[in-house]
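This report describes the fold, the charged pairs and a surface patch of the protein shown below.

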Amino acid sequence: MNNQLNFESIIDMMIRRWWIIAIATIAMSIAAFTYTEVFVDPIYSSDGFLYVNAQKTQSSDISTGSLSASQQLVSTYKEILSRRTFLSQVTADLDEKYTINDLKKMVTLQPVNDTEILQVSVIGKVPEDTYLICHSILVHATTELKRVVNAGSVKILDDSQIPQAPISPSVKKNTLVGFLLGFIIGSLIVLLLELFDTRIKSSADIVERYDEPLLGEIPVLFSSKR
C-alpha cells in the first residue's frame, strides 16, 4: 500500500472491497429499521386552541390596551391550567388512568406567536387518550378560567382530534441514519484492512513502498503437458 493516501487510492480500495461496505450498510439499515419498528414506542400528539379575550363581551373596537391585557391573560391562564386543582378534573374524565404528574409530563400550554390564542398540546403513546385529555382540558378550561379569574371570556377555537399518525419515531429517518452509519463503518473497516495489510502483491508495491528501482523479477512459469 502507498505510504501516502490520496483520493484515487481510497476510491480504489473501496471498489476492491465493496462487498464489506455493502454488508455493513445493509446490516445497519436493517438493524435501524427493526429497532425502530419493534422496540421504539410510537408517540402521538393532539392539539387544541383556546381564544382568550380580556373583555367579557366581544367588541369590534379592539384597543391596544385590551389586546395587551388579553396577551397577559394567556400567560396567567397557562399557569391556572397547570395547577393540581384543574388537572384533577381531567384525570377524573379518564377514570384515573393517568395521574396528575403524568398529565404534567404530557401536556404543553403555550401562547401562539404572542397572540390571544392559547395552544394546548398533548403527547402520549395511545392516540385516543391524547385526544380525550386534550378535549377534556379544552372543555373544562372555559369554566375553570372564568371561575378563577372572574373576568374576560374563553372560547374553544379549535377542538382536538384523534391523531392518525405518530409524530415520532420516523422509520424512514432512522433507516437512513442506519444506512449512512453502515456505509461509514464499512469504509473505515476497508481503510483499516488496507492500512494493516503489509503483504507484497506485485512488483509495483515494491517500487511504491521503497521508492527504489526494480532490477529484476522472477516470472511465473507454467509447464505445459503434452
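## Burial and the basis of the model

A residue is termed buried when its relative accessible area is under 20%, exposed when that area is over 50%, and partly exposed in between. The model under discussion is predicted. By these cut-offs Asp129 is buried, because its relative accessible area is 7%. Of the 226 residues in the protein, 31% are buried.

## Overall architecture

The protein contains eight helices and four strands. Read from the N terminus, the order of elements is α-α-β-α-α-α-β-β-α-β-α-α.

Among contacts in the protein with a separation of 6 or more, 73% are between residues 24 or more positions apart. The accessible surface amounts to about 15,200 Å², and carbon and sulfur atoms contribute 59% of that area.

Five salt bridges are present in the structure. One of them joins the side chains of Asp41 and Lys125, with an N to O distance of 3.3 Å. Asp41 is placed in the loop between helix H2 (18–39) and strand E1 (44–53), and Lys125 in the loop between strand E3 (117–124) and helix H6 (127–149), so this pair ties together parts that are 84 residues apart in sequence. Asp41 counts as partly exposed because its relative accessibility is 43%, whereas Lys125, at 56%, counts as exposed.

Another salt bridge is formed by Asp129 and Lys97, whose closest N and O atoms are 2.6 Å apart. This pair also links distant parts of the chain, with Asp129 in helix H6 and Lys97 in the loop between helix H4 (84–93) and helix H5 (100–106), 32 residues apart.

## The Glu79–Arg83 pair

The side chains of Glu79 and Arg83 also meet in a salt bridge, at 3.7 Å from N to O. Glu79 is partly exposed, with a relative accessibility of 43%. Arg83 is likewise partly exposed, with a relative accessible area of 48%.

## A nonpolar surface patch

Which residues make up the nonpolar surface patch of about 290 Å²? The patch is made by Leu181, Ile185, Ile189 and Leu193. Ile189 is located in helix H7, which spans residues 171–195. Because its relative accessibility is 36%, Ile189 counts as partly exposed.

How values were computed
Residues numbered from 1 in each chain as written. Predicted model: local features only at pLDDT ≥ 70, side-chain atom pairs only at ≥ 80, totals over all residues. Heavy atoms only, no water. Patch = residues over 30% accessible without salt bridge, like charges linked within 9 Å, V, L, I, M, F, W, Y side chains within 5 Å. Areas by Shrake-Rupley, 256 points an atom, 1.4 Å probe, with all protein chains shown as cover. Salt bridge = Lys/Arg side-chain N within 4 Å of Asp/Glu carboxyl O. Helix = DSSP H or I, 4+ residues; strand = E, 2+ residues; numbered from the N terminus. Buried < 20%, exposed > 50% of the residue type's maximum accessible area, 1.4 Å probe, protein only. Contact = heavy atoms within 4.5 Å.
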